[in-house]
Structures are given as structure tokens and as C-alpha cells.
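Morning, everyone, and thanks for coming. Let me put the chain up on the screen, and then we can walk through a few spots together.

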Amino acid sequence: MLNDENPVKSERYSSRYTRGFLRMLTNEGQAQTDKFVEQFYESKNYQERLEAVKYLISVKGKYSYPEKVLADALKDFCSQVKVYVLKHLKFSGLIDPNIKDCLTDIAQNDEKLQLRALALERLSEFNDPEHYDLFFSTSLLKGSKESSAGLKGLYKLDKEKAYQMAKFRTESSSGNLDIAIAEIFQNEGDTNDLSFIKQRLKARNKFNKIELIRIYLRFLGRLEIDSIIRSNILFISEDILSTSNRELVQLLIMELHHFISSFHNYLSKNQDLLKYLNKTIDILLEKKYMNQGQNDPFGPI
């Protein structure tokens with residue numbers, strides 16, 4: 001009997017010990033959190049305030065502290081503190097209305113472009129119609145980072161208006177705005193909108209092509225038009241080969257393979273197109289023309 005009771009007593013002791021240990025850890029964690037809240041408000045050294053903000057964001061939801069700290073961090077006179085909050089804080093689920101006000105103020109008034117663009121991106125996560133005018137007006141700005149963030153925010157609130165704006169901005173777009181327009185065309189556009197992506201792909205330098213190609217291929221997959229897919233795959237391949245960049249060719253192979261996997265159902269019903277895509281990949285995999293610098297291996301396709 002005594003032998004039977006010992007494991008039970010041992011287990012009960014272990015459970016009490018574990019619960020006590022966990023309570024101790026929780027109390028220590030809360031005390032540490034309170035310490036960093038105090039450090040944020042009392043320190044005149046931006047590095048110490050940044051350290052506090054990093055810790056508080058990392059334990060959000062685990063230990064308690066007022067959301068006002070995060071709003072105040074967005075008002076910090078050091079841009080590095082604000083950038084960290086804008087990049088790493090999950091804004092969905094926040095209830096302090098001052099957070100939105102801070103984001104709006106940064107988006108409209110901050111002197112730093114990076115901060116304005118980041119604030120617009122975070123505001124778009126709320127899907128709040130009250131930001132419609134801000135997104136609309138920002139999508140007309142000259143700077144590509146701000147205008148692209150505004151256009152993406154507008155798209156979340158009004159897809160048709162964002163598509164119209166994207167069409168309007170095609171003549172004056174560059175950089176990030178090119179990507180934002182291409183993404184909207186990918187979801188809402190027709191075959192006429194492919195010309196914009198073709199032009200921008202050709203114009204981009206070799207280190208900035210793959211992101212646009214990824215969007216380009218998703219657009220083609222949505223259209224599901226055999227002849228359009230063939231001609232544009234050929235265009236993409238020739239454009240990448242013209243760079244004579246082995247790494248870009250390898251990345252294109254990966255994107256084409258992903259395209260085949262993503263649109264398997266459509267391609268399984270279009271075996272000739274599937275064979276064309278696989279043959280394109282096979283040609284790209286050949287090392288002979290890449291080593292010799294030949295840029296036109298697609299004649300026989």
C-alpha cells in the first residue's frame with residue numbers, strides 16, 4: 001500500500017511545484033515588462049527606448065501593459081523607434097483609438113518618406129472606410145513608395161476604384177508603384193493590361209525582375225488562355241536570358257515550376273501547353289548555352 005501511494009504523492013508534489021514555478025516565471029516576466037515600460041518613459045537615450053519597445057512588442061499578449069505605450073512610441077522623436085514599431089507590431093486587434101490617430105498623423109505629416117509609407121501600409125490593415133480619402137489622395141502622389149501604399153490601401157476598400165486608379169497611373173509609374181499596379185492587374189485586369197507588365201519587365205534592371213515575373217505568371221494563370229500563356233512565357237524567358245545572369249535563369253526555372261504546380265488543374269486539361277512549359281524548363285536547365293553566352297535558345301520551341 002505504501003509503495004502505491006508514493007507515486008501519487010510524488011505526482012501531486014511535482015504538480016504543485018510546477019504550478020508554483022510557472023507562477024514565479026509569470027511574476028518575473030510581468031515585473032520585467034513593468035521595468036521596460038518605466039525604461040521607455042524615463043530614458044532620454046533613444047537606444048534604451050528602442051530596447052524597451054523591442055521587448056514590449058515581443059511579449060505583447062503574454063504580459064500586460066497599456067497600449068498607450070505603443071501609441072507614445074509612434075510619437076517618439078527618434079525615427080528608429082517609430083520604424084521598429086511600424087515594422088514589427090501586429091496592429092490588428094489593437095483597441096486604443098490613439099494608435100490609428102498616430103498612424104494617420106505619420107502618414108500625412110512625417111518628414112520621412114519611409115515612415116509615411118509604412119504608416120499607410122499599417123493603416124490599410126484596418127480596412128477602415130474612414131481612410132478612403134487618404135488612400136485615394138496618396139495614390140496620386142509622385143513618389144512610388146507612398147503612392148503604391150496608398151493604392152494598395154485603396155484596393156482593400158474599393159477594388160473597382162483602385163483598378164481605375166491603376167490604369168490612370170500606368171503612364172507615370174515606377175518602382176514600387178509598378179508592382180502595386182501589376183498586382184491589381186493580376187487580380188482585376190484583362191489581356192490588354194499585360195502590355196504594362198511586359199513594358200515594365202523589359203525596363204527593370206536584372207536584379208528587380210523576379211518579383212514582377214511572379215505577378216506576371218499568376219496573371220497568366222488566371223487568364224487561362226493557351227496562346228497568351230505561350231507567347232508571354234517566351235517573352236519572359238527571352239528577357240531573362242538577355243541579362244546573361246545565371247542566378248536569374250535559375251530563379252525563373254523555379255517560378256515556372258511553381259506556375260505548373262499552382263495551375264495543375266488547368267494544365268492537366270491542356271497537355272500541349274504543359275509539354276511546352278516543361279520543354280521551356282528543360283531548355284533553361286541546359287548549361288551549354290548559358291556557358292557560351294548564347295541568348296536565343298528558344299527558336300525550336
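Let's start at Q114. Setting aside neighbours within four places in sequence, Q114 is in contact with V83 and K87. One thing to keep in mind as you look: this is a predicted model. Q114 itself lies in helix α6, residues 113-124. Is Q114 buried, exposed or partly exposed? With a relative accessible area of 39%, Q114 falls in the partly exposed class, because that class covers the range between the 20% and 50% cut-offs.

Now over to K82. You'll find K82 in helix α4, residues 79-88. Here the relative accessibility is 11%, so K82 counts as buried, since buried means under 20%. What does K82 touch, if we don't count residues up to four places away in sequence? The list is A73, L74, K75, D76, I106, D110 and L115.

Helix α2 covers residues 46-58, which is 13 residues. From first C-alpha to last, α2 reaches 18 Å, close to the 18 Å expected at 1.5 Å a residue. At the start of α2, a side-chain oxygen of N45 comes to within 2.8 Å of the backbone nitrogen of Q47. Which residues of α2 are buried? They are R49, L50, A52, V53, Y55, L56 and I57. As a reminder, residues three or four places apart in an α-helix point the same way, because there are 3.6 residues a turn.

How do α2 and α4 sit against each other? Their axes come within 9 Å and cross at roughly 15 degrees. That makes α2 roughly parallel to α4, and the crossing is right-handed. On the α2 side, the residues that meet α4 are Y46, L50, V53, K54 and I57. Facing them from α4 are Q80, V81, Y84, V85 and H88.

Let me zoom in on Y46, which sits in helix α2. At 30% relative accessibility, Y46 counts as partly exposed. Leaving aside neighbours within four places in sequence, Y46 is in contact with C78, Q80 and V81. Take V81 from that list: Y46 and V81 are 35 residues apart along the chain, with their C-alpha atoms separated by 7.5 Å.

The axes of α8, residues 144-157, and α9, residues 159-169, come within 6 Å and cross at roughly 150 degrees. So α8 and α9 are roughly antiparallel to each other, as angles over 145 degrees count that way. From α8, the residues involved are S147, L151, L154, Y155 and L157. They meet K159, K161, A162, M165, A166 and R169 in α9.

The other pair is α11, residues 194-203, and α12, residues 210-223, which pack at an angle of about 155 degrees with their axes 11 Å apart. That makes α11 roughly antiparallel to α12. Which hand does the crossing of α11 and α12 have? Left-handed. In α11, L194, I197, K198, R200 and L201 meet residues of α12, and the α12 set is L212, I213, Y216, F219, L220 and L223.

Before I wrap up, a quick look at two loop residues. Most residues other than glycine have a negative phi. N127 has a positive phi of about 50 degrees, although N127 is not a glycine. N127 belongs to the loop between α6 and α7, and with a relative accessible area of 44%, N127 is partly exposed. S244 has a positive phi too, about 55 degrees, and is not a glycine either. S244 lies in the loop between α13 and α14. At 53% relative accessibility, S244 counts as exposed, because the cut-off for that class is over 50%.

Finally, let's step back to the chain as a whole. How many helices and strands are there? The secondary structure comes to 17 helices and zero strands. Of the 301 residues in the chain, 46% are buried. And among contacts with a separation of 6 or more, 61% come from residues 24 or more positions apart.

Technical notes
Residues are numbered from 1 along each chain as its sequence is written. This is a predicted model: local features need pLDDT of at least 70, side-chain atom pairs count only at pLDDT 80 or more; totals for chains, interfaces and linings use all residues. Side-chain values use heavy atoms; hydrogens and water are left out. Helices (H or I, at least four residues) and strands (E, at least two) are DSSP runs, numbered from the N terminus. The expected span of a helix is 1.5 Å times one less than its number of residues. Buried means under 20% relative accessible area, exposed over 50%, partly exposed in between (1.4 Å probe, protein chains only). A polar contact is a pair of N or O atoms within 3.5 Å; within protein, one must be able to donate a hydrogen and the other to accept it, and residues adjacent in sequence count only if both atoms are side-chain atoms. Axes are lines fitted to C-alpha atoms, for helices over the stretch in contact, and angles run from 0 to 180 degrees between N-to-C directions. Angles under 35 degrees count as roughly parallel, over 145 as roughly antiparallel, 65 to 115 as roughly perpendicular and the rest as oblique. A crossing is left-handed if the near helix is turned anticlockwise from the far one by less than a right angle, and right-handed if clockwise. Contact means heavy atoms within 4.5 Å.
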